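User: I would like to learn how to read a model of this kind. Please take me through the features one at a time.

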Amino acid sequence: MDLGISGKRALVCASSKGLGLGCAEALAEAGVNLVMNARGAEALEASAQAIRDAYGVNVVTVAADVTTPEGQQKVLEAAEGVDILVTNAGGPPPGLWTDWDREDFIKALDANMLTPIALIKALVPGMIERGWGRVVNITSVSVKSPVPVLGLSNAARAGLTGYVAGTARQVAGKGVIMNNLQPGLHATDRAEALDGGAAKAQGISVEDAKKQRCATIPAGRYGTRQEFGATCAFMCSQHAGFMVGQNILLDGGATNTTM
Ligand code: NAP
């Protein structure tokens, strides 16, 4: 399927690895020029070069922490005038509900709620002026079904989801389509770190912890960044113009709900 977005420009945040990289790759395959971001310059430049080589698109890199005002400024300077925004950042650490104080919540809200909102506020006005835009926020299955050890994530991402629900409906008539993409378990560094945490907590091997977690997924496995990226690219495509303020769950069936 031709996604109809060849020649457009996208900012994909937190995209040197994992789900963000999957989105950058799929958009590049559709002919989209990219601004890619991550904190670590080396991995970021390696991923950017691999994308340039594979797809022949233009890729600009910005090594910066997108959750800080300084990092956002750097990213926004490079991303001025983009047609597509994919927001993403690392997830908050796991813990118990008694572990977190105000500062921990502020940090999680900054990373997973206020950063995407700041980027939306900076870039969507230009999309509205040009009459076309797409925003995909990478959130989490934790918005639909809480992950008890990820209380900071549950809270911050639910806040972003509420903001997007209203905002998506305010901008849809101006050509800007905004939705959220909710990953369940995917095979990335983040998932491996959580496997390690589960193994430690139960005194079992990482391999066994992964097997245990795969057994909770009807598909019997973790998702891949390629599957995730392809869904993101569709949500950024011409064909997604009637999909407004939705939360698309990619979890292999793990969340046991009818709708
Ligand atoms: P990952 O494999 O650890 O990759 C994270 C990427 O984001 C890396 O490129 C990393 O590069 C970059 N990054 C992290 N913090 C950043 C920051 N402050 N500023 C700029 N770049 C940053 O993680 P992932 O699995 O792709 O997860 C992406 C998001 O989805 C996270 O918020 C995660 O909580 C959420 N999620 C993931 C899963 C899953 O199963 N994988 C499930 C639910 C939700 P640097 O470290 O160099 O900055």
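**Ligand shell and sheet**

Analyst: The residues of the shell around the ligand comprise nine nonpolar, 13 polar and six charged ones. Keep in mind that this is a predicted model.

User: How many residues surround the ligand, and which are the closest?

Analyst: The ligand is surrounded by 28 residues. Ser-16, Leu-19, Arg-39, Ala-89 and Thr-188 are the closest.

User: Where do backbone N or O atoms lie by the ligand?

Analyst: Look for pairs of N or O atoms within 3.5 Å. For Leu-19, a backbone N or O atom lies 2.7 Å from an oxygen atom of the ligand. On its own the ligand has 880 Å² of accessible area, and the protein covers 89% of that.

User: Now the sheet. What should I look for in the strands?

Analyst: Strands of a sheet pair through backbone hydrogen bonds, and the pairing is either parallel or antiparallel. Here seven strands form an open sheet in the order β3-β2-β1-β4-β5-β6-β7, and the pairing is parallel. Strands β3 (59-63) and β7 (247-250) are the edges, each pairing on one side only. On average, neighbouring strands of this sheet are turned by 15° against each other, direction ignored.

User: How many bridges join β1 to β2?

Analyst: Four bridges join β1 (residues 9-12) to β2 (residues 33-38), and the two strands run parallel. Within β1 and β2, Ala-10 stands opposite Leu-34.

User: Which strands does helix α5 touch?

Analyst: Helix α5 (residues 151-171) packs on the sheet and touches β5 (133-138), β6 (176-183) and β7. The direction of α5 makes about 155° with that of β6.

Notes: Residues numbered from 1 in each chain as written. Predicted model: local features only at pLDDT ≥ 70, side-chain atom pairs only at ≥ 80, totals over all residues. Heavy atoms only, no water. Pairing = 2+ DSSP bridges. Axes fitted to C-alpha atoms, helices over the stretch in contact; angles between N-to-C directions. Contact = heavy atoms within 4.5 Å. Near = heavy atom within 4 Å. Polar contact = N/O pair within 3.5 Å; in protein donor to acceptor, adjacent residues only side chain to side chain. Areas by Shrake-Rupley, 256 points an atom, 1.4 Å probe, with all protein chains shown as cover. Nonpolar A, V, L, I, M, F, W, Y, C, P; charged D, E, K, R; others polar.
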